[in-house]
Amino acid sequence: MPKQKHCLAPVTALVTALLLPSWSAADIYSYIDENGVRHYTDQPPDTDQVFTRTFMETEPEPRVTLRRLGTREEPVYFLFNMFRGPVEIELYFIESQNVRSDPPLPARMVVAANSESRVVSLSALEPRRGFSYRLGVTHVPGRPVAMPDENLILHPPFPAGHSYLISQGVEGRHTHNDAQSEFAIDIVMPVGTPVLAAQRGVVMDIEEDFNSGGTNRDKYVMKGNHVRLLHDDGTMTNYGHLDFNSVNVRLGQRVLAGALIGRSGNTGFSTGPHLHFSVQRNLGLHLQGIPFEFRSTRGPLVLPIGGERISGTLARR
(Lines give C-alpha, C1' and ligand atoms only; values in the text may rest on other atoms or scores of the structure.)
Protein backbone atom coordinates (compact mmCIF):
# COMPACT_ATOMS: atom_id res chain seq x y z
CA MET A 1 0.00 0.00 0.00
CA PRO A 2 1.23 3.57 -0.61
CA LYS A 3 2.81 5.38 2.28
CA GLN A 4 2.46 9.08 2.97
CA LYS A 5 5.42 10.77 4.60
CA HIS A 6 5.18 14.00 6.55
CA CYS A 7 8.32 16.14 6.97
CA LEU A 8 7.82 17.52 10.45
CA ALA A 9 11.33 17.96 11.83
CA PRO A 10 11.96 17.70 14.66
CA VAL A 11 8.63 15.83 14.62
CA THR A 12 8.48 13.05 12.03
CA ALA A 13 5.56 10.88 10.97
CA LEU A 14 4.76 8.17 8.49
CA VAL A 15 1.14 7.24 7.91
CA THR A 16 0.42 3.81 6.43
CA ALA A 17 -3.19 3.39 5.37
CA LEU A 18 -4.41 -0.16 4.76
CA LEU A 19 -7.49 0.80 2.84
CA LEU A 20 -9.89 -0.72 0.32
CA PRO A 21 -9.07 0.92 -3.02
CA SER A 22 -11.55 2.30 -5.45
CA TRP A 23 -10.90 2.82 -9.11
CA SER A 24 -12.00 5.27 -11.74
CA ALA A 25 -11.64 5.24 -15.48
CA ALA A 26 -12.14 7.51 -18.44
CA ASP A 27 -12.30 7.44 -22.21
CA ILE A 28 -9.62 9.39 -24.06
CA TYR A 29 -10.60 10.80 -27.44
CA SER A 30 -8.07 11.68 -30.13
CA TYR A 31 -8.55 13.47 -33.44
CA ILE A 32 -6.58 15.48 -35.99
CA ASP A 33 -7.91 18.95 -36.87
CA GLU A 34 -7.90 20.65 -40.25
CA ASN A 35 -4.39 21.96 -39.57
CA GLY A 36 -2.98 18.48 -38.99
CA VAL A 37 -2.66 18.97 -35.21
CA ARG A 38 -3.56 15.97 -33.05
CA HIS A 39 -5.77 16.69 -30.03
CA TYR A 40 -6.55 14.60 -26.93
CA THR A 41 -9.60 15.14 -24.71
CA ASP A 42 -11.68 13.30 -22.11
CA GLN A 43 -14.91 14.47 -23.77
CA PRO A 44 -16.34 13.40 -27.14
CA PRO A 45 -15.02 16.01 -29.59
CA ASP A 46 -17.50 18.41 -31.14
CA THR A 47 -16.10 17.96 -34.61
CA ASP A 48 -16.85 16.27 -37.91
CA GLN A 49 -13.32 14.86 -37.97
CA VAL A 50 -12.84 11.12 -37.51
CA PHE A 51 -11.71 10.41 -33.95
CA THR A 52 -10.51 7.43 -31.96
CA ARG A 53 -11.69 6.41 -28.48
CA THR A 54 -9.42 4.64 -26.00
CA PHE A 55 -10.46 3.26 -22.63
CA MET A 56 -8.05 4.28 -19.85
CA GLU A 57 -7.90 2.98 -16.28
CA THR A 58 -6.54 5.28 -13.61
CA GLU A 59 -4.68 4.45 -10.43
CA PRO A 60 -6.67 3.24 -7.38
CA GLU A 61 -8.03 5.75 -4.91
CA PRO A 62 -9.06 4.86 -1.34
CA ARG A 63 -12.64 4.84 -0.10
CA VAL A 64 -11.30 5.97 3.28
CA THR A 65 -8.67 8.69 3.66
CA LEU A 66 -6.75 10.36 6.46
CA ARG A 67 -6.23 14.13 6.57
CA ARG A 68 -3.82 15.90 8.90
CA LEU A 69 -4.59 19.26 10.47
CA GLY A 70 -3.29 21.01 13.58
CA THR A 71 0.30 22.09 14.04
CA ARG A 72 3.60 20.34 13.52
CA GLU A 73 3.94 19.91 17.29
CA GLU A 74 0.31 18.83 17.80
CA PRO A 75 -1.03 17.17 14.65
CA VAL A 76 -4.69 16.16 14.50
CA TYR A 77 -5.92 13.47 12.10
CA PHE A 78 -9.36 13.31 10.52
CA LEU A 79 -10.75 10.35 8.62
CA PHE A 80 -13.14 10.73 5.69
CA ASN A 81 -15.46 7.82 4.89
CA MET A 82 -16.62 7.87 1.26
CA PHE A 83 -18.88 4.81 1.63
CA ARG A 84 -22.61 5.58 1.74
CA GLY A 85 -22.77 3.53 4.90
CA PRO A 86 -20.79 3.34 8.15
CA VAL A 87 -17.27 1.99 8.29
CA GLU A 88 -15.40 0.55 11.26
CA ILE A 89 -11.75 1.55 11.58
CA GLU A 90 -8.83 0.68 13.79
CA LEU A 91 -6.05 3.22 14.20
CA TYR A 92 -2.75 2.09 15.69
CA PHE A 93 0.94 2.87 15.95
CA ILE A 94 3.25 0.86 13.77
CA GLU A 95 6.13 2.68 15.42
CA SER A 96 6.24 5.47 17.99
CA GLN A 97 8.87 7.40 19.92
CA ASN A 98 8.08 9.94 22.63
CA VAL A 99 4.50 10.35 21.41
CA ARG A 100 1.19 10.70 23.23
CA SER A 101 -2.15 10.04 21.53
CA ASP A 102 -5.71 11.05 22.33
CA PRO A 103 -7.45 8.62 22.33
CA PRO A 104 -4.83 6.05 23.35
CA LEU A 105 -3.91 3.79 20.46
CA PRO A 106 -4.84 1.25 19.27
CA ALA A 107 -8.42 2.50 19.06
CA ARG A 108 -11.47 1.33 17.16
CA MET A 109 -14.37 3.51 16.10
CA VAL A 110 -17.23 3.70 13.62
CA VAL A 111 -17.34 6.61 11.15
CA ALA A 112 -20.73 7.51 9.70
CA ALA A 113 -21.55 7.35 6.01
CA ASN A 114 -20.04 9.98 3.73
CA SER A 115 -18.61 11.97 6.64
CA GLU A 116 -15.34 13.09 8.19
CA SER A 117 -14.49 12.53 11.86
CA ARG A 118 -11.60 13.47 14.11
CA VAL A 119 -9.84 10.23 15.00
CA VAL A 120 -6.67 11.14 16.91
CA SER A 121 -4.49 14.00 18.10
CA LEU A 122 -0.79 13.58 18.86
CA SER A 123 1.82 15.36 20.93
CA ALA A 124 5.19 14.74 22.58
CA LEU A 125 5.36 12.91 25.89
CA GLU A 126 8.38 15.05 26.76
CA PRO A 127 7.77 18.46 25.16
CA ARG A 128 11.46 19.36 24.93
CA ARG A 129 12.16 16.39 22.70
CA GLY A 130 10.98 15.69 19.18
CA PHE A 131 8.76 12.73 18.47
CA SER A 132 8.20 10.36 15.58
CA TYR A 133 5.54 7.85 14.68
CA ARG A 134 4.03 5.63 12.00
CA LEU A 135 0.26 5.33 11.99
CA GLY A 136 -1.56 2.35 10.58
CA VAL A 137 -5.25 2.28 9.65
CA THR A 138 -7.41 -0.70 8.79
CA HIS A 139 -11.10 -0.56 7.97
CA VAL A 140 -14.09 -2.75 7.19
CA PRO A 141 -17.36 -1.51 5.64
CA GLY A 142 -20.40 -1.60 7.88
CA ARG A 143 -20.88 -1.40 11.61
CA PRO A 144 -20.32 -4.49 13.75
CA VAL A 145 -23.55 -6.51 13.90
CA ALA A 146 -24.63 -9.70 15.60
CA MET A 147 -25.33 -12.84 13.58
CA PRO A 148 -29.01 -12.98 12.53
CA ASP A 149 -31.06 -15.40 14.60
CA GLU A 150 -32.23 -17.29 11.51
CA ASN A 151 -30.92 -17.79 8.01
CA LEU A 152 -31.84 -14.99 5.67
CA ILE A 153 -34.54 -15.61 3.08
CA LEU A 154 -33.81 -13.74 -0.14
CA HIS A 155 -35.06 -13.50 -3.69
CA PRO A 156 -32.74 -14.76 -6.44
CA PRO A 157 -30.97 -11.67 -7.85
CA PHE A 158 -32.46 -11.84 -11.35
CA PRO A 159 -35.94 -11.55 -12.90
CA ALA A 160 -38.77 -14.06 -12.79
CA GLY A 161 -39.00 -16.27 -15.85
CA HIS A 162 -35.25 -16.88 -15.92
CA SER A 163 -33.33 -19.86 -14.55
CA TYR A 164 -29.56 -20.15 -14.07
CA LEU A 165 -27.01 -22.67 -12.84
CA ILE A 166 -25.10 -22.23 -9.61
CA SER A 167 -21.54 -23.11 -10.57
CA GLN A 168 -20.11 -22.63 -7.07
CA GLY A 169 -22.48 -23.00 -4.15
CA VAL A 170 -22.38 -22.29 -0.45
CA GLU A 171 -19.09 -23.24 1.16
CA GLY A 172 -17.50 -23.57 -2.26
CA ARG A 173 -13.74 -23.87 -1.96
CA HIS A 174 -12.59 -23.16 -5.51
CA THR A 175 -12.28 -19.39 -5.06
CA HIS A 176 -14.53 -18.81 -2.03
CA ASN A 177 -11.93 -19.77 0.53
CA ASP A 178 -11.95 -17.02 3.12
CA ALA A 179 -14.34 -15.88 5.85
CA GLN A 180 -16.02 -13.12 3.87
CA SER A 181 -16.84 -15.43 0.93
CA GLU A 182 -17.65 -18.56 2.97
CA PHE A 183 -21.31 -18.60 1.86
CA ALA A 184 -20.88 -16.74 -1.44
CA ILE A 185 -22.22 -18.28 -4.63
CA ASP A 186 -21.47 -17.93 -8.35
CA ILE A 187 -24.40 -17.90 -10.75
CA VAL A 188 -23.61 -18.59 -14.40
CA MET A 189 -25.41 -16.08 -16.61
CA PRO A 190 -24.73 -14.36 -19.94
CA VAL A 191 -23.09 -10.94 -20.01
CA GLY A 192 -25.81 -8.29 -19.90
CA THR A 193 -28.31 -10.27 -17.81
CA PRO A 194 -30.34 -7.94 -15.54
CA VAL A 195 -29.18 -8.14 -11.91
CA LEU A 196 -31.86 -7.28 -9.34
CA ALA A 197 -31.64 -6.37 -5.67
CA ALA A 198 -32.30 -9.51 -3.61
CA GLN A 199 -33.67 -7.38 -0.77
CA ARG A 200 -34.21 -3.69 -0.09
CA GLY A 201 -31.29 -1.57 0.98
CA VAL A 202 -29.12 1.49 0.42
CA VAL A 203 -26.47 1.60 -2.30
CA MET A 204 -23.31 1.71 -0.22
CA ASP A 205 -20.63 1.30 -2.87
CA ILE A 206 -20.38 1.13 -6.66
CA GLU A 207 -17.65 0.16 -9.11
CA GLU A 208 -18.34 -0.03 -12.86
CA ASP A 209 -15.17 1.24 -14.53
CA PHE A 210 -13.46 -2.01 -15.47
CA ASN A 211 -13.89 -3.66 -18.85
CA SER A 212 -11.81 -6.83 -18.61
CA GLY A 213 -11.30 -9.95 -16.53
CA GLY A 214 -9.27 -13.12 -16.35
CA THR A 215 -7.84 -15.88 -14.20
CA ASN A 216 -4.69 -14.04 -13.11
CA ARG A 217 -5.59 -13.29 -9.49
CA ASP A 218 -2.85 -10.73 -8.92
CA LYS A 219 -3.85 -8.78 -12.02
CA TYR A 220 -7.63 -8.92 -11.75
CA VAL A 221 -8.69 -9.52 -8.14
CA MET A 222 -9.20 -5.78 -7.46
CA LYS A 223 -10.68 -5.04 -10.90
CA GLY A 224 -14.17 -6.47 -10.69
CA ASN A 225 -17.19 -4.20 -11.02
CA HIS A 226 -19.69 -4.49 -8.19
CA VAL A 227 -22.54 -2.99 -6.21
CA ARG A 228 -22.71 -3.27 -2.41
CA LEU A 229 -26.06 -2.76 -0.68
CA LEU A 230 -26.46 -1.99 3.02
CA HIS A 231 -29.59 -3.35 4.71
CA ASP A 232 -31.58 -2.15 7.70
CA ASP A 233 -30.18 -4.87 9.97
CA GLY A 234 -26.59 -3.87 9.18
CA THR A 235 -25.88 -6.79 6.86
CA MET A 236 -24.66 -6.17 3.30
CA THR A 237 -25.12 -7.91 -0.04
CA ASN A 238 -22.47 -7.79 -2.73
CA TYR A 239 -23.08 -8.25 -6.47
CA GLY A 240 -19.79 -8.86 -8.27
CA HIS A 241 -18.26 -9.15 -11.77
CA LEU A 242 -20.81 -6.73 -13.25
CA ASP A 243 -20.41 -5.53 -16.81
CA PHE A 244 -18.53 -2.35 -17.66
CA ASN A 245 -20.55 0.84 -17.19
CA SER A 246 -23.73 -1.12 -16.47
CA VAL A 247 -24.71 0.00 -12.95
CA ASN A 248 -28.26 1.36 -12.86
CA VAL A 249 -28.31 2.89 -9.34
CA ARG A 250 -26.51 5.76 -7.62
CA LEU A 251 -24.61 6.00 -4.36
CA GLY A 252 -26.89 6.56 -1.37
CA GLN A 253 -30.02 5.51 -3.27
CA ARG A 254 -32.55 3.41 -1.38
CA VAL A 255 -33.75 0.55 -3.54
CA LEU A 256 -36.48 -2.05 -3.14
CA ALA A 257 -36.18 -5.77 -3.71
CA GLY A 258 -36.44 -6.33 -7.44
CA ALA A 259 -34.83 -3.02 -8.40
CA LEU A 260 -32.52 -3.22 -11.40
CA ILE A 261 -29.06 -2.48 -10.03
CA GLY A 262 -26.88 -3.47 -12.98
CA ARG A 263 -26.07 -6.14 -15.55
CA SER A 264 -23.95 -9.24 -15.18
CA GLY A 265 -20.51 -9.39 -16.73
CA ASN A 266 -17.12 -11.04 -16.65
CA THR A 267 -14.91 -8.41 -15.03
CA GLY A 268 -12.20 -8.95 -12.46
CA PHE A 269 -10.88 -12.31 -11.26
CA SER A 270 -13.23 -14.55 -13.23
CA THR A 271 -13.18 -17.75 -15.27
CA GLY A 272 -16.24 -16.82 -17.32
CA PRO A 273 -19.45 -14.74 -17.32
CA HIS A 274 -21.22 -15.04 -13.98
CA LEU A 275 -22.60 -13.14 -11.00
CA HIS A 276 -20.81 -13.42 -7.65
CA PHE A 277 -23.38 -12.98 -4.89
CA SER A 278 -22.79 -12.89 -1.15
CA VAL A 279 -24.28 -11.67 2.11
CA GLN A 280 -21.86 -10.31 4.70
CA ARG A 281 -21.69 -8.69 8.08
CA ASN A 282 -18.94 -6.87 9.93
CA LEU A 283 -18.00 -9.18 12.78
CA GLY A 284 -15.70 -6.61 14.39
CA LEU A 285 -13.11 -5.38 11.91
CA HIS A 286 -13.47 -8.34 9.58
CA LEU A 287 -16.16 -9.40 7.14
CA GLN A 288 -17.96 -12.68 7.68
CA GLY A 289 -20.18 -14.40 5.15
CA ILE A 290 -23.75 -15.19 6.20
CA PRO A 291 -25.76 -18.27 5.11
CA PHE A 292 -29.00 -17.66 3.25
CA GLU A 293 -31.73 -19.41 1.27
CA PHE A 294 -33.64 -18.32 -1.81
CA ARG A 295 -37.38 -18.07 -2.25
CA SER A 296 -38.74 -20.47 -4.81
CA THR A 297 -41.55 -20.26 -7.35
CA ARG A 298 -42.53 -23.78 -6.29
CA GLY A 299 -42.95 -23.09 -2.58
CA PRO A 300 -40.08 -24.70 -0.61
CA LEU A 301 -37.00 -22.61 0.08
CA VAL A 302 -33.92 -23.33 -1.99
CA LEU A 303 -30.46 -23.78 -0.49
CA PRO A 304 -27.99 -22.45 -3.10
CA ILE A 305 -25.96 -25.59 -3.76
CA GLY A 306 -23.42 -25.92 -6.54
CA GLY A 307 -24.72 -27.76 -9.60
CA GLU A 308 -28.36 -26.79 -8.95
CA ARG A 309 -30.47 -24.37 -10.98
CA ILE A 310 -32.47 -21.57 -9.41
CA SER A 311 -35.38 -19.64 -10.89
CA GLY A 312 -36.16 -15.96 -10.52
CA THR A 313 -39.11 -14.82 -8.40
CA LEU A 314 -39.01 -11.05 -8.83
CA ALA A 315 -40.42 -8.65 -11.39
CA ARG A 316 -38.08 -5.82 -12.44
CA ARG A 317 -39.02 -2.50 -10.84
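Colleague: Where is Pro106 found?

Modeller: Pro106 lies in the loop between strand E11 and strand E12, where strands are DSSP runs of at least two residues marked E, numbered from the N terminus. This is a predicted model, in which local features need pLDDT of at least 70 and side-chain atom pairs count only at pLDDT 80 or more, while totals for chains, interfaces and linings use all residues. Residues are numbered from 1 along each chain as its sequence is written, and side-chain values use heavy atoms, with hydrogens and water left out.

Colleague: Which residue does a cis peptide bond join to Pro106?

Modeller: The partner is Leu105, and omega of that cis bond is about 5°. The peptide bond from Asp102 to Pro103 is cis as well, with omega near 5°, and Pro103 is found in the loop between E11, residues 99-102, and E12, residues 107-111.

Colleague: What is phi of His241, and is the residue buried or exposed?

Modeller: Phi of His241 is near 70°, a positive value in a residue other than glycine. His241 belongs to strand E22, which covers residues 236-242, and counts as buried because its relative accessibility is 12%, the term meaning under 20% relative accessible area, as against exposed at over 50% and partly exposed in between, with a 1.4 Å probe and protein chains only.

Colleague: Where is Asn245 found, and what is its phi?

Modeller: Asn245 sits in the loop between E22 and strand E23, residues 254-255, with a positive phi near 55° in a residue other than glycine. With a relative accessible area of 55%, Asn245 is exposed.

Terms used. Helices (H or I, at least four residues) and strands (E, at least two) are DSSP runs, numbered from the N terminus.
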